[in-house]
Amino acid sequence: AKMLWTSSAGIVRRRRRSKIMEKSQIPPLASRDAKKNKAAGAVAVTLPQRRAKAVLRQMNILAKKVKSAKTDKLHSAYDGEDLMSFLFSSDYMDTLFILTKAATKLLASQPMLAEVSDLPCTVFGDIHGQLRDLLLLLAVFRPPEGEGEHTLVFNGDFVDRGSHQLEVVGILFALKIAMPERVWLVRGNHEDRNMNE
């Protein structure tokens, strides 16, 4: 049903079909959702968290497929299907924008020096846009969701050289958003603007 917001004599009203209701009578969407979540005992999940979890589900499917392959192949020979659409949906530009914006805010809110004392901890380094390598590493070293507190540290150089740099960065941002206190992204020299000009 279409909604129409009108203003008369300083009162904002919402008209639904022929019925007029004052704005103060209509609970905002956020409070309605919070009431539903509270009633259901659920924790409110943001859009970036939902998108991140969807990306990670797709990544797990792809990682299992890569891990179960009978023969190994060079990264340059790895194309798979339309990876952007498979990982990030057909609206992959929107998904990447949402993940980037959320990850930027999240990274800015955390300390610059990542101090990881939680064990077990796995450190990955120098992925350089190699999606297949990232998928294999995560398939082998990343525990399934909800199994213990396993910390992942990505030690820079996420991009440059590989042919799947957007996919790699998108997956790393999705991991960070889904598990903000268990995934740490440490910038390397290839994430510097001067290096990539």
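A: Two strands are taken to pair if DSSP finds at least two bridges between them, and in this predicted model strand 4 is joined by 4 bridges to strand 5, residues 151–155, the two running parallel. Within that pairing, Cys121 has Thr151 of strand 5 as its bridge partner. The open sheet to which these strands belong has 3 strands in the order 4-5-6, paired in parallel fashion. Because strand 4 (121–124) and strand 6 (183–186) each have a single partner strand, they stand at the edges, and one side of each is left without a neighbour in the sheet. From one strand to the next, the twist averages 15°.

Two helices pack against these strands. Helix 5, residues 131–141, touches strand 4 and strand 5, and its direction makes about 170° with that of strand 4, whereas helix 6, residues 165–178, lies across strand 5 and strand 6 and runs at about 135° to strand 6.

The packing can be followed into the largest nonpolar core, which has 36 residues, and among these Leu138, Phe154, Ile171 and Leu175 touch the most other members. Helix 5, strand 5, helix 6 and strand 6 are among the elements that each supply at least two residues of this core, and helix 6 gives the largest share, 8 residues. Leaving aside residues up to four places away in sequence, Phe154 has contacts that include Phe124, Leu134, Leu138, Leu172, Leu175, Val183 and Leu185.

Methods:
Residues numbered from 1 in each chain as written. Predicted model: local features only at pLDDT ≥ 70, side-chain atom pairs only at ≥ 80, totals over all residues. Heavy atoms only, no water. Axes fitted to C-alpha atoms, helices over the stretch in contact; angles between N-to-C directions. Contact = heavy atoms within 4.5 Å. Core = buried A, V, L, I, M, F, W, Y, C linked by side-chain atoms within 4.5 Å. Buried < 20%, exposed > 50% of the residue type's maximum accessible area, 1.4 Å probe, protein only.
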